[in-house]
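Please read this note beside the sequence and the model. The points are numbered for reference.

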Amino acid sequence: MRKLIIFIFSYMTLLNAQSQTSPITRSARKVFEHHHNYREASVTHRRFRHQDLVPLLEKLKQNPLFQVQVVGKSVEKRDIYLIKAGTGKTKVMLWSQMHGDEPTATMALLDIFNFLQASDGLDSIRQEILSNTTLYIVPMLNPDGAQRFIRRNALNIDLNRDAIRLQSPEAKLLKSLRDEIKPDFGFNLHDQSRLYTVGSTPKPATISFLAPAYNYAQTVNEVRERAMRTIVGMNESMQQFIPGQVAKYSDEHEPRAFGDNIQKWGTSLILIESGGFPGDPEKQFIRQLNYAAILSALQLIGDQGYQQYETKDYFKIPVNERNLYDVVLRNVRYKDKGRDTLLDVGILRNESTNRSIPQGFYHRSSVEEIGDMSVFYGYEEVNGEGLILTPGKVYEQLLADVTALTPERTKELLSSGYTTVKLEKVPTGYNPVELPLNVVSKSGRVNHELELDRAANFTLQSEDGQVRYAIVNGFVYDLSKPKPDLFHGLVL
């Protein structure tokens, strides 16, 4: 009986909580929870290319719900598509990947295409969107940049700084589409650095919104106000999934940017920036958040539900701040130059492109900060209190090849303070993700002293010389535990 009473009380509490939420929040929960039904299965990582996208867009032509056309070409003559859906009076234009290395929203748009053409228990939501709005979607505006996984286009122009001169064909296309369609709302879909936090908190800014300012005075007119109100509703929806992890992007006016200018040209513009989330390097969870956020916004826009929200609440959303590192080592001692110094160390794991390996990239670490990091945070933090940071040693005895680095041998070397080994035969074309330690040729020389902009290869040892942590290429291995999944060295 007691268990039954507890269950009934919990259920009633849940019902009461649900009754307090807005319709758009409940709707966002539904589409979020069913995302797996619409997730485009052929795209599972960030570094997909134009040729991966084209078959998916061409397939949409088979469904009369969509009008699919090639509306322009990139510098290198790759097709740029426009997909139209819906019959509503409110026109909404969305474009993604104007920066080639910012693909999260493109993945979400593919999922939205699948959602719109499905038929199931969420029909009321999709029909509401399709009957109230007409959607004009440009996925991957910068296919040449996506091919190289770089920000700029093939002319090395930042498309989001080409709204005035229009020197790139992709920028000209976006401007002409905006002028021809005259959308009521626009969505400029981007990725931002994973290193942003929500204000001064340690929480990453997983999603950031902005209604860009169209002048230096940051005037709020009716056009911008609509975007602000919509963002307040989107923020409300997102808080149930990532509480405290939604921020506002800097609204400093950039006169060359498309968002600022499109706002000025009369389209209510909403910027969505996808940041970082712990344990989501390929941004698949953030992809799901984008999908839910966009669908929520389309509902708010279609029935003008944004009018119930206040612009004052837009200004309450904390602003992005750059306070994160991949790894922070705290309160370690470092003995150098005759001094015993207490310090913190901030490490970044930078991505280096390598198309020949499955991931398409590997990590190359760098020490980015040394000193008092009490106002900064890490996705991963190590309390080094009582431990001494010691530069990693190079094992001078030659090993035959990589196969000599068995898990047991690797842990033995790390426990002895070694982070790099010398090999008789250094691998070529080897996947760095499979290297358990840094490797170097028999004549190679490396320096693992702690310095800014140098790779992070050292150990944290107790006073008696026992190694507690090994840091190899910026990856932390607590030697009292199993080797972490995310861990690899490099050929130096």
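1. Which helix and strands each supply at least two residues of the lining of the second largest pocket? Strand E5 (185-191), helix H9 (258-264) and strand E9 (268-274) do. Helices (H or I, at least four residues) and strands (E, at least two) are DSSP runs, numbered from the N terminus.

2. This is a predicted model, in which local features need pLDDT of at least 70, side-chain atom pairs need pLDDT 80 or more, and totals for chains, interfaces and linings use all residues. Residues are numbered from 1 along each chain as its sequence is written, and side-chain values use heavy atoms, leaving out hydrogens and water.

3. The whole structure holds 14 aromatic pairs (rings of Phe, Tyr and Trp, the last by its six-membered ring, with centres within 6.5 Å; planes under 30 degrees apart are stacked, over 60 edge-to-face, the rest tilted). Tyr395 and Tyr418 pair edge-to-face, 5.1 Å centre to centre with 75° between the planes. Tyr395 lies in strand E16 (residues 393-399) and Tyr418 in strand E17 (residues 418-423), so the pair ties together parts 23 residues apart in sequence.

4. Both Tyr395 and Tyr418 are buried (under 20% relative accessible area; exposed is over 50%, partly exposed in between; 1.4 Å probe, protein chains only). Helix H8 is mostly covered, with 14 of its 18 residues buried.

5. Phe32, Phe241, Phe277 and Phe285 form one aromatic cluster.
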